[in-house]
Amino acid sequence: MSGTEGTVFVVDDELSVRKSLGRLLKAAGYRVEVFASAREFLQRGLQDEVGCLVLDVQMPDLNGLELQQALSEADSPLPIVFITGHGDIPTSVRAMKAGATDFLSKPFHEKDLLEAISRALKRAGEESCGRAAAREAKRRLSTLTPREHEVLLHVLAGELNKQIAATLGTSEKTVKVHRGRVMHKMRVQSVADLVRLCEKAGIRLT
Amino acid sequence: MGARVGSGARGGALNLLLVAVSGAFTGVCSGGPRPDPAASAPLLASHAPPRVLVLCSGNSLLPTNVLFDESFREAIASGPGGPVEYCSEFLDEIRFPVRHDERMLGFLGEKYGSRQPDVIVAIGPASLGFCLRHRPQLFPEVPVVFADCGTDTSSQGESARLVTGVRSGFDGAATLRLALRLHPKTRQVFVISDSAGLGGAGWEPPGPPESQVTFHRLAKEPLLELLQELSRLPANSLAFDLSGLDGGAASPHETMQRMSASSSAPIYGGPDPLVGHGLLGTVATPMDAIGRATAALAMRVLSRENAGALPPVQKLAPAPLLDWRQMRRWGVRASQLPSGSLIRFRPRSFWRQHLLLVITTGTLFLLQSGLILALVLQSRRRRRAELEARLRREELAHMTRVATMGELTASLAHEINQPLAAILSNAQAAQRLLAAGGAGLEEFREILADIVADDQRAGEVIRRMRSLLRKGESNPVDVDVNELVDEVAGLVRGEMILQDASLALDLVSNPPLVHGDRVQLQQVLLNLIVNALDAMKDMSGGNRRVVVRTAAADARFVRVSVQDGGVGVPVDKLEQVFEPFVTTKPHGIGLGLAICRSIIQAHGGRIGLTNNADRGATFWFTLPALEKAKP
């Protein structure tokens, strides 16, 4: 058993392929779910699970690349291992640019597949942690009052209290109080920590 | 009684001409009282044709008379004179000798009394003698033209007045010389004659030539003895018959036939008429020449104005005459004959006899042969051209098939890689399960079954591909168009996925079978589907849809159509797309549809296209339906 956490989602329109892959991956110790089409997979929905996608490129209706794009737009970027019956270079470049972990041509050896899945799951795990941190940062950010949020942006911009007070038309003392509350609510000790946390929360620094 | 042929009958040219053809005659004529011209009966109507009386010695069956009659009449008919009334009488004095002259006198006087002949033609010595004896009483002043078959006559005198004729001859000495020349080994000559002496016919054998030829006489009578003698003639001997010259036999030709049949040696002799009845040869005046000359003379006599100016007696030269059949019998070759010889009864050669027929037949045969030859060549050329065209078509068809398959490489690889991937994964899963232990037999059985199925699927793809790539002679079989569509659909399935297109089949149930080459028909369908996909390249994915339909167009044709939703075919190209090297694709060479058309036409069908009402085009082809429905 690989020990990496996560579910492997296999999407292939070809019954025999998905059946055999399911068999192999189960034998390799993964939790596996198979889907006959991209739509079937999308209907299942994802609840922030850790996992990766083994995805056939050529499928009728919605193909692999289109599913990749759809997932990316839905902000659930599962790591994807593409498999294809006939891999041409433009397709693989497109897939990799869009964030695919691997691109395998059928028939592939199990070693290649399992390594690719392992990499993908590892990345999924990392991304999963990253997403958790971001959520926490956003949560903390959401506890700030509008005035505190305003002060925060100025702090992130590297302004001194006196400058901030002048900009906001208030006293330097008041700004100092707000700043203390921000640091407290965001649970950071230094401005550097504050900046890093805000990055995770998606605040873009100007 | 005398028919009057007087000088007063001028302008009539109607003088009776008594032609007495007579053989050797001596002065038989006896002078008779000259009739008075004034007492003559007036001539008959001046417009009546002149009457010619031919008075023959012997009877009507004698070869002499027959031959003479023939040539004489022919000469008269073809001569310059007008129509002639031709009468012939036969004395028959040999068979009925008793009171012969009196009988004939009465008969002729009665018969020709009312209108005397204008000329009398006397044939043979007996006839001439009769004429000369009795003309004064019978036909006074009627000129006589005689035809002389033998001996010279110099009988003149009053009775011979108004007599002229043709003297001909049999040259016994020349005949003997001819015989000895043709049979140089001859030792003995047997002379046949009636009289005791060899000179019975007025002829003496020539003195023995330098050779040792001896002469013997054979008596003509009795005939049976003669025949026996003849049958015993030794080798290197000849028979020399002079008996025919006497004119004393009732039927000398029949006698000669019997003699010739019995004889063990060739028989020479005379005169001419016996040639043809057994005589090998003679030297005598030919009968036909005598007849012609006599006729000419008679005509001159008829046309003369003055009875006193009869043309002179003509003398005709003898010539060697031979019977071809006897020559063959006795081994005489024509090359041995002296020049001027006449050969009788020589069959005309095939060429001469049937020249026109031969030429016509030959020409027709040649024409026919030429025609047949031309037809054969043409047919062979056409067969060769057909074969060449077929080979070229198959070659081209194969090329375009390969090209089409080349376009499908990606999808074919896809089609094969799918089952291969499944097989590999299944096998490796099984390995893992084995290593881990604990998996049930049922699981392995399922895995193996899947592997087998996938392997078969891959094999099927390869088989289809190979059959399309194969180069070979067309192999017509009964084809179900629905199966055809299914097979091609299997081939392009991968391509459909790769190109994000869909293929829909709309197949009529139980279509009539068609007869054709499966691979070539698949090729046509494949080509049309690939074309359809190409036509939709620039469209958004959802609209790329190809519909293949089969339908029974009518009782006689099955129709297969491929409909796309592409750009359609420009109207100005509708007519041309099936022409070679016409293409709407940027990279096409324009052979695909041309090949499709030639394949369909070779199958007796038609191919065409129509632009759809909404968008895209529909290509279709028809194939002749077989009589029998699918069982």
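**A strand hairpin, its sheet and the A–B interface**

In the predicted model described here, β20(B) and β21(B) form a hairpin with five residues between them, and Gly616(B), which lies in the turn, has a positive phi of about 85°. Helices (H or I, at least four residues) and strands (E, at least two) are taken as DSSP runs and are numbered from the N terminus. Residues are numbered from 1 along each chain as its sequence is written, while chains are lettered from A and ligands numbered from 1 in the order in which they are written. Because the model is predicted, local features need pLDDT of at least 70 and side-chain atom pairs count only at pLDDT 80 or more, whereas totals for chains, interfaces and linings use all residues; side-chain values use heavy atoms, with hydrogens and water left out.

Strand β21(B) is mostly covered, since seven of its eight residues are buried, where buried means under 20% relative accessible area, exposed means over 50%, and partly exposed lies in between (1.4 Å probe, protein chains only).

These strands belong to an open sheet of five strands in chain B, with the order β16-β18-β19-β21-β20 and mixed pairing. The edge strands, each of which pairs on one side only, are β16 (502-506) and β20 (606-611) of chain B. Neighbouring strands of this sheet are turned by 15° against each other on average, direction ignored; the axes are lines fitted to C-alpha atoms (for helices over the stretch in contact), and angles run from 0 to 180 degrees between N-to-C directions. Chain B as a whole contains 15 helices and 21 strands, and buried residues make up 49% of its 631 residues. Among contacts in chain B (heavy atoms within 4.5 Å) between residues at least 6 apart in sequence, 76% join residues at least 24 apart.

Between the two chains, 24 residues of chain A are in contact with 25 residues of chain B. Chain A and chain B bury about 2100 Å² between them, 52% of it on carbon and sulfur atoms; buried area is the accessible area (1.4 Å probe) that two parts lose on being put together, summed over both. Six salt bridges are counted between chain A and chain B, a salt bridge being a side-chain nitrogen of Lys or Arg within 4 Å of a carboxyl oxygen of Asp or Glu. In one salt bridge, the side chains of Arg457(B) and Glu14(A) meet at 2.7 Å, N to O. On the side of chain A that touches chain B, α1 (15-27) and α5 (110-142) of chain A each supply at least two residues, and α1(A) gives the most, with eight residues. Glu110(A), found in helix α5 of chain A, counts as buried because its relative accessibility is 14%. Leaving out residues up to four places away in sequence, Glu110(A) touches Leu24(A), Gln428(B) and Arg432(B).

Elsewhere in chain A, Val32(A) lies in strand β2 (residues 31-35) and is buried, with a relative accessible area of 14%. Val32(A) and Val8(A) are 24 residues apart in sequence and 4.8 Å apart in space, C-alpha to C-alpha. A cis peptide bond with omega of about -10° joins Lys106(A) and Pro107(A), and Pro107(A) is placed in the loop between β5 (102-105) and α5 of chain A.

In chain B, two residues other than glycine may be noted for their backbone angles. Asp92(B) has a positive phi near 55°, is found in the loop between β3 (85-90) and α2 (100-112) of chain B, and is buried, with a relative accessible area of 13%. Asn236(B), in the loop between α5 (223-231) and β9 (237-241) of chain B, has a positive phi of about 55°, but is partly exposed, with a relative accessible area of 41%.

Conventions
Pairing = 2+ DSSP bridges.
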